[in-house]
Amino acid sequence: MFDQNLRFTQLVEDFAVEQFVAVKSVETQGRAVAFRTYQCLVRQRTQLINALRGHLAEFDLVAPKGLASLKVLEDALKDKANDLPFVVREMGTIYLDQIARIREVIERLADELETASKTDMELRRLCTIPGFGPVTAGAVAAVAFANKMARMIWALSVKKEDYRMA
């Protein structure tokens with residue numbers, strides 16, 4: 001056991017000494033920014049939907065979690081049969097407008113990431129991994145593959161049958 005730990009430590013030290021970390025290219029940095037922006041906006045959209053769900057739940061209008069429940073919330077705000085105060089309907093409209101704006105930007109960023117995955121050879125290869133789409137491939141390429149040590153660790157952690165490079 002001690003021998004194995006010592007050998008692994010030596011392997012990592014040898015790798016760190018002998019290999020230099022490649023400087024990220026401008027394109028790689030740009031992809032990283034695009035992916036992080038995409039992630040941030042998805043979190044903001046989720047936060048807004050959950051806040052709207054919470055506000056309407058106080059008036060006994062309950063909707064399930066998730067993006068699919070947005071239509072239920074929208075219909076509840078438009079329904080004149082429920083006893084929602086005018087100010088709640090107004091605030092709900094503000095939430096829905098903000099969610100719609102964020103959705104447009106998310107879709108545009110997803111399209112850009114998909115376009116990049118068709119033109120970039122590294123991203124195309126990553127998309128061949130089962131479960132990897134353009135967004136995930138962009139994330140891995142921009143963040144994890146920026147240095148060689150991360151690549152080595154990632155390659156060791158993936159099962160051989162799950163990892164097929166075309």
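A salt bridge is a side-chain nitrogen of Lys or Arg within 4 Å of a carboxyl oxygen of Asp or Glu. In this predicted model, Lys-78 and Glu-74 meet that criterion, their closest N and O atoms being 3.3 Å apart. A search of the whole structure finds 4 salt bridges. The protein has 7 helices and 0 strands, and 27% of its 166 residues count as buried.

**Overall architecture**

- From the N terminus on, the elements run α-α-α-α-α-α-α.
- Among contacts between residues at least 6 apart in sequence, 53% join residues at least 24 apart.
- The protein exposes about 11,300 Å², of which carbon and sulfur atoms supply 59%.

**Nonpolar cores**

- The largest nonpolar core has 20 residues, and those with the most contacts inside it are Leu-52, Leu-56, Leu-73, Leu-77 and Leu-84.
- Helix H2 (26-57), helix H3 (70-78) and H4 each supply at least two residues of this core.
- H4 gives the most to this core, with 7 residues.
- A second, separate core of 7 residues includes Leu-126, Ile-129, Phe-132 and Ala-137.
- Leaving aside neighbours within four places in sequence, Leu-73 is in contact with Ile-49, Leu-52, Arg-53, Leu-56 and Ala-63.

- Lys-78 and Glu-74 both lie in helix H3, 4 residues apart, about one turn of the helix.
- Lys-78 is exposed, with a relative accessible area of 54%, whereas Glu-74 is partly exposed at 25%.
- Asp-75 forms a salt bridge with Lys-71, with the closest N and O atoms 3.4 Å apart.
- Asp-75 and Lys-71 also both lie in helix H3, 4 residues apart, about one turn of the helix.
- Asp-75 is partly exposed, with a relative accessible area of 38%, and Lys-71 likewise counts as partly exposed at 47% relative accessibility.

- Lys-118 forms a salt bridge with Glu-114, the closest N and O atoms being 3.8 Å apart.
- Lys-118 and Glu-114 are separated by about one helical turn because they are 4 residues apart in helix H4.
- Lys-118 counts as exposed at 53% relative accessibility, while Glu-114 counts as partly exposed at 35%.

**Nonpolar surface patch**

- Val-87, Met-91 and Ile-94 make a nonpolar surface patch of about 270 Å².
- Met-91 is placed in helix H4 (residues 86-119).

Methods:
Residues are numbered from 1 along each chain as its sequence is written. This is a predicted model: local features need pLDDT of at least 70, side-chain atom pairs count only at pLDDT 80 or more; totals for chains, interfaces and linings use all residues. Side-chain values use heavy atoms; hydrogens and water are left out. Patches are made of residues with over 30% relative accessible area and no salt bridge: like charges are joined within 9 Å, nonpolar side chains (Val, Leu, Ile, Met, Phe, Trp, Tyr) within 5 Å. Accessible areas come from the Shrake-Rupley method with a 1.4 Å probe; for residues, only the protein chains shown count as cover. Buried means under 20% relative accessible area, exposed over 50%, partly exposed in between (1.4 Å probe, protein chains only). Contact means heavy atoms within 4.5 Å. A nonpolar core is a set of buried Ala, Val, Leu, Ile, Met, Phe, Trp, Tyr and Cys residues joined through side-chain atoms within 4.5 Å.
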